[in-house]
Amino acid sequence: MINLVLFGPPGSGKGTQAQNLIKKYNLKQVSTGDLFRFNMKNDTELGKLAKSYIDKGELVPDQVTIDMLIDELKKPTDAAGFIFDGFPRTAAQTEALEQIVEEELNHPIDICLSLIVDDEILVERLLKRGETSGRTDDSNEDIIRNRIKEYYTKTAEVAELYKKQGKYIEVNGVGEIEEISNKLFAEVDKIK
């Protein structure tokens, strides 16, 4: 089993690269963004709560995210592992994820891959995505910049925790999609 965290600021390509990692290693993606959208679309209580934060460009509180995550991990799967996209974003979430994965999957997080992208490129990517996605949090530059700022402020501690465990790897998230994928594959292959 391979359990990995795909890390990076909004617009860094996590969703695209997660799909490539899933195909290559038969992983099941657990994307907090997808979990939020599913719950919001289906108008669940957790979805309504998550939407109230997302619409302001704020991170969703840990317990809301954790409850969605536990529900997802309990679903049956024939995958060879999991890829966590968009979670954890805080030290508390990192500790919660480690505990959840051990309890639900009986296997630790193996690696944290972090996509590194310049802020101005992130803003440009998100505004472009906002033109077609219909996502309100991708259509306002001030909200986008706030999301990026919050991401860095709140997630620096996550990187430090994974660095201490020897599981944190930075990968340049700018370039051709296939080129970035190959860099990620090379890092995963080292732990297999």
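**Entry 1: a charged network**
I started with Arg129 and Asp138, whose side chains form a salt bridge with N and O 2.6 Å apart. A salt bridge here is a side-chain nitrogen of Lys or Arg within 4 Å of a carboxyl oxygen of Asp or Glu. Side chains of opposite charge can pair when their charged atoms come close.

Before going on, I noted that this is a predicted model, where local features need pLDDT of at least 70 and side-chain atom pairs count only at pLDDT 80 or more, while totals for chains, interfaces and linings use all residues. Residues are numbered from 1 along each chain as its sequence is written, and side-chain values use heavy atoms, with hydrogens and water left out.

Is Asp138 buried or exposed? I found Asp138 buried, with a relative accessible area of 0%. The cut-offs are under 20% for buried, over 50% for exposed, and partly exposed in between (1.4 Å probe, protein chains only). Arg129 is partly exposed, because its relative accessibility is 33%.

I then looked for another partner of Asp138 and found Arg135, with the closest N and O atoms 3.7 Å apart in their salt bridge. Through shared partners, salt bridges link Arg129, Arg135, Asp137, Asp138 and Arg147 into one network. The count for the model is 15 salt bridges.

I also looked up Asp55 and Lys51, whose side chains make a salt bridge at 2.5 Å, N to O. Asp55 is partly exposed at 33% relative accessibility, and Lys51 is partly exposed at 38%.

I found Arg135 in the loop between helix 6 (119-133) and helix 7 (141-164). Helices (H or I, at least four residues) and strands (E, at least two) are DSSP runs, numbered from the N terminus. With a relative accessibility of 21%, Arg135 counts as partly exposed.

Which residues does Arg135 touch, not counting those up to four places away in sequence? They are Arg37, Arg129 and Arg147, where contact means heavy atoms within 4.5 Å.

**Entry 2: the largest pocket**
Next I opened the largest pocket, which has a volume of about 1100 Å³. A pocket is an open set of points on a 1 Å grid over the protein atoms alone, where a 1.4 Å probe fits and protein lies on both sides within 12 Å along at least five of seven lines; lining residues have an atom within 4 Å of a point. Points are joined across faces, edges and corners, and the volume is the space filled by probe spheres set on them.

How many residues line the largest pocket? I noted 46, of which Gly11, Arg37, Arg129, Arg135 and Arg147 lie nearest its centre. Among the elements giving two or more residues to this lining are helix 1 (14-25), strand 2 (28-31) and helix 8 (177-189). Helix 2 gives the largest share, six residues.

**Entry 3: the UniProt record**
I checked the unreviewed UniProt entry, whose "binding site" list includes Thr32, Arg37, Pro88, Arg135 and Arg147. The listed residues spread over 116 residues of sequence and up to 24.7 Å between C-alpha atoms. Of them, the lining of the largest pocket includes Thr32, Arg37, Arg135 and Arg147, among others. UniProt positions use the numbering here, feature names are shortened, and annotations may be inferred rather than shown by experiment.

I followed Thr32 into helix 2 (residues 32-41). Thr32 is buried, at 3% relative accessible area. Beyond its neighbours within four places in sequence, Thr32 contacts Thr65, Asp85, Gly86 and Phe87.

Thr90 sits in the loop between strand 3 (81-85) and helix 5 (91-105), and Thr90 is buried at 12%. A polar atom of its side chain lies 3.0 Å from the backbone nitrogen of Gln93.

Last, I found His107 in the loop between helix 5 and strand 4 (111-116). His107 and Met1 are 106 residues apart along the chain, yet their C-alpha atoms are separated by 7.5 Å. The side chain of His107 reaches the backbone oxygen of Met1 at 3.1 Å.

Notes
Polar contact = N/O pair within 3.5 Å; in protein donor to acceptor, adjacent residues only side chain to side chain.
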